[in-house]
Amino acid sequence: MYRDPVPAFHQPHHSRPSAIRPLRVGMIGIGTVGEGTFRVLARNQMEISGRAGRSIELKVVAARNLTRAAGIVGESIELTGDPMHVAAHPDVDVVVEVAGGTGPARDWVLAAIAHGKHVVTANKALLAVHGTEIFDAARRHDVIVAYEGAVAVSIPIIKALREGLSANRIASVVGVVNGTTNFILSKMRDEGLDFGSALAQAQTLGYAEADPTFDIEGIDAAHKMALLAANAFGTPVQFAAVNVQGISAVQRLDMLCAEQLGYRIKLLGVARRAAQGVELGVQPALIPATHLMAHVNGSMNAILVNSDAAGVTMYYGAGAGSEQTASAVIADLIDVARLAGTSAAQRVPHLGFHADAMSALPALPHAAVRAARYVRVPVRDPAQMAPLSAWLAQQGLPVRQMTLASLPLEAGPQLLVLTDPVVQADFDRILHALATHAGVSAAPTALRVEPLAG
Ligand code: HSE
């Protein structure tokens, strides 16, 4: 893709002449996202200031490696090794926190807020874990905390939920919200790559978290789902209530069996309003191969929102990457540039709803969640199909389809079962008993099936 050479900062002919003084930015962290943010801010100065109504100037950067940081931002921008210096800097209006992590980042962000600075962050772990405290502090100090880059980076999904869909009662938000795991599953399915090689590629491409366990075990997706659910339903951020299962146990064998049944396996985030509360989960799931979501491959993300007035809407875009995240971070900076000086009542609330209108909907316990299931049952003999089908019905499993898997001989005979929705606790009981059935040759594998709207 052709790009104009990156201009130096503050070239007057690139900035829109304006009577309003520039928005002064202090940045904490200049890794993958920070570097992308610096590059895009410099490259697109004209568009950015034209949209913001004033220019956005980077004043100071906190970095662990100052030599590397100087190599990126040059000599004209102040550098420090101390993030607290940025948080308290007298010439900074807004702190961009793109260092990641939860402990120190919480302290920097709270310090910046206490100094009356707005905050833009792409740190989903921070907001998933400390969001309630941070948003409370921001309300008290009347500052903005913006976080579009924290969820599905390039996709403006926070804006869509908080503004575009603000007339709606939202029933569910379901999606592929982790680029690394989607990249790994796509490589395993399409190229037969093993898990480790696919992960190594995702790390080289800068998609994975510093600790890739967060991606692989579904924790990163759970951070994002906690933020999406809060915005969709007006509930507090409930990360601890998300039921999380990652992709480390997903086998290529199940990908092949899923294909045979007309499904694909994705790491799916689910936030759904139920009668007694909100279902919050991240798990590998079978989705119909014909649904658009099944064609979201590589590091791309997609989110499907089901709401009462707009109906089903779907959002697609890069789920990881340097400038892809920078796009969201800078959009937040532009919002801050436009809104600084307004009162909280004139701004979009942090989680979409004003604090006094938040809902107390509890998160559903995992055991109470109802979902359809796929079960792969290794059997001693294909003739087990009829007796096992009768046995499962006797146990109360609502079997919708049972078939013999078409697999290479060495895989051994496997029965594939699809069920109608069943409550988790009942399903777990039946699965446990199935594992000890005389006709079953090894532990069955179960995955959720999500039919998806739209
Ligand atoms: N590690 C994250 C992902 C980066 O793979 O989705 C973007 O949040």
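This is a predicted model: local features need pLDDT of at least 70, side-chain atom pairs count only at pLDDT 80 or more; totals for chains, interfaces and linings use all residues.
1. Which residues line the largest cavity? They are Leu-185, Ser-186, Arg-189, Met-255, Arg-264, Ile-265, Lys-266 and Asn-297. By class, three of the lining residues are nonpolar, two are polar and three are charged. Helix α8 (179-191) and strand β9 (263-274) each contribute at least two residues to this lining.

2. The count of aromatic pairs comes to two. One of them joins Phe-135 and Tyr-147, with 5.6 Å from centre to centre and 45° between the planes, which is a tilted arrangement. Phe-135 belongs to helix α6 (residues 124-140), while Tyr-147 sits in the loop between β6 (145-146) and α7 (157-164); the pair therefore ties together parts that are twelve residues apart in sequence. Phe-135 and Tyr-147 are both buried.

3. Phe-183 and Tyr-207 also form an aromatic pair, this one edge-to-face, at 5.6 Å centre to centre and 70° between the planes. Because Phe-183 is in helix α8 and Tyr-207 is in the loop between α9 (195-204) and α10 (213-216), the pair ties together parts that are 24 residues apart in sequence. Phe-183 and Tyr-207 are both buried.

4. Is strand β15 (residues 414-419) largely enclosed or open? Six of its six residues are buried, so the strand is largely enclosed by the rest of the structure. The burial applies to both faces: Gln-414, Leu-416 and Leu-418 are buried on one side, and Leu-415, Val-417 and Thr-419 are buried on the other.

5. The strand partners of β15 are as follows. Strand β13 (residues 370-378) pairs with β15 in the antiparallel sense over five bridges, and Val-375 stands opposite Val-417 of β15. Strand β14 (residues 399-404) also runs antiparallel to β15 and is joined to it by five bridges. Here Leu-404 stands opposite Leu-415 of β15. Both Val-417 and Leu-415 are among the buried residues on one of the two sides of the strand.

6. The domain assignment divides the protein into three parts: domain 1 (13-153 + 323-357), domain 2 (163-315) and domain 3 (370-449). How far apart do the C-alpha centres of domain 1 and domain 3 lie? The distance between these centres is 51 Å.

Notes:
Residues are numbered from 1 along each chain as its sequence is written. Side-chain values use heavy atoms; hydrogens and water are left out. Buried means under 20% relative accessible area, exposed over 50%, partly exposed in between (1.4 Å probe, protein chains only). Helices (H or I, at least four residues) and strands (E, at least two) are DSSP runs, numbered from the N terminus. Two strands pair if DSSP finds at least two bridges between them. Domain bounds come from an automatic or database domain assignment. On a 1 Å grid over the protein atoms alone, a cavity is a set of points where a 1.4 Å probe fits but cannot get out, and a pocket is an open set with protein on both sides within 12 Å along at least five of seven lines; lining residues have an atom within 4 Å of a point. Ala, Val, Leu, Ile, Met, Phe, Trp, Tyr, Cys and Pro count as nonpolar, Asp, Glu, Lys and Arg as charged, and the others, Gly among them, as polar. Rings of Phe, Tyr and Trp (its six-membered ring) pair if their centres lie within 6.5 Å; planes under 30 degrees apart count as stacked, over 60 as edge-to-face and the rest as tilted.
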